[in-house]
Amino acid sequence: LQECNGWDKLPNIAVECGFDHFEILECKTGYHLIIMSTAPLTNVKRRAEDPFHHGLLEAEARGIRFLVTHLSPKSAKIRLQEAKAIQTRCQELQAEGVPSV
């Protein structure tokens, strides 16, 4: 999920939606990123630095690594840098034999 500003009751929202497991990246922009899952989340990584305008939240569930971001609203050049960074991360995971989306 992206643009989760004002989600101060995340545990309640997640459980009401049927997700017992969740992770949040509180972004400096205020547009937070969230991963919710019915399965336990492992290998959680949070990146809040360049090239990501908002950030990148990564977590694994049932053997699949999920990468969540909200691309920059500022420029296509920045969005391209973010997309290339995600592509690089997915290639690293692929080399390790970890499926990613």
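1. Contact here means heavy atoms within 4.5 Å. By that rule, and leaving aside its neighbours within four places in sequence, T69 is in contact with Q2, L33, F52, G55, L56 and I86.

2. Some ground rules come next. This is a predicted model, in which local features need pLDDT of at least 70, side-chain atom pairs count only at pLDDT 80 or more, and totals for chains, interfaces and linings use all residues. Residues are numbered from 1 along each chain as its sequence is written, and side-chain values use heavy atoms, with hydrogens and water left out.

3. The overall layout. The protein has two helices and five strands. Read along the sequence, the pattern is α-β-β-β-β-β-α. These elements are DSSP runs numbered from the N terminus: helices are H or I with at least four residues, strands are E with at least two.

4. The C-alpha atoms fill a box of roughly 40 × 35 × 15 Å, taken along the principal axes.

5. Surface and burial. The accessible surface comes to about 6,000 Å², of which 53% belongs to carbon and sulfur atoms. Accessible areas come from the Shrake-Rupley method with a 1.4 Å probe; for residues, only the protein chains shown count as cover. Of the 101 residues, 35% count as buried. Buried means under 20% relative accessible area, exposed means over 50%, and partly exposed lies in between (1.4 Å probe, protein chains only).

6. Contacts along the chain. Take the contacts between residues at least 6 apart in sequence. Of these, 40% join residues at least 24 apart.

7. The sheet. Three strands form an open sheet in the order β3-β4-β5, with antiparallel pairing. Its edge strands are β3 (42-47) and β5, each pairing on one side only. The twist averages 15° from one strand to the next. Two strands pair if DSSP finds at least two bridges between them.

8. The pairing in detail. β3 and β4 pair in the antiparallel sense over four bridges. R47 stands opposite L56 in β4, and K45 stands opposite E58 in β4. β4 and β5 also pair in the antiparallel sense, over six bridges. In β5, F66 is the bridge partner of A59.

9. The turn. β4 and β5 form a hairpin with two residues between them. R62 sits in that turn, with a positive phi of about 50°.

10. The cover on β4. This strand is mostly covered: six of its six residues are buried. L56, E58 and E60 point one way, while L57, A59 and A61 point the other way.

11. The helix over the sheet. Helix α2 (residues 76-95) lies across β3, β4 and β5, running at about 170° to β5. Axes are lines fitted to C-alpha atoms, for helices over the stretch in contact, and angles run from 0 to 180 degrees between N-to-C directions.

12. E58 deserves a look. Its place is in strand β4 (residues 56-61). E58 is buried because its relative accessible area is 3%. Its side chain makes a polar contact with the side chain of R65 (2.8 Å). A polar contact is a pair of N or O atoms within 3.5 Å; within protein, one must be able to donate a hydrogen and the other to accept it, and residues adjacent in sequence count only if both atoms are side-chain atoms. Not counting residues up to four places away in sequence, E58 touches I35, N43, V44, K45, R65, F66, L67, R89 and L93.

13. Back to T69. Its place is in strand β5 (residues 64-69). T69 counts as buried because its relative accessibility is 17%. The side chain of T69 reaches the backbone oxygen of G55 at 2.6 Å.

14. Finally, Y31. Its place is in the loop between β1 (21-25) and β2 (33-37). Y31 is partly exposed, because its relative accessible area is 33%. Not counting residues up to four places away in sequence, Y31 touches E3, C4, N5, H54 and H70. The C-alpha atoms of Y31 and G55 are separated by 9.4 Å, and these residues are 24 residues apart along the chain.
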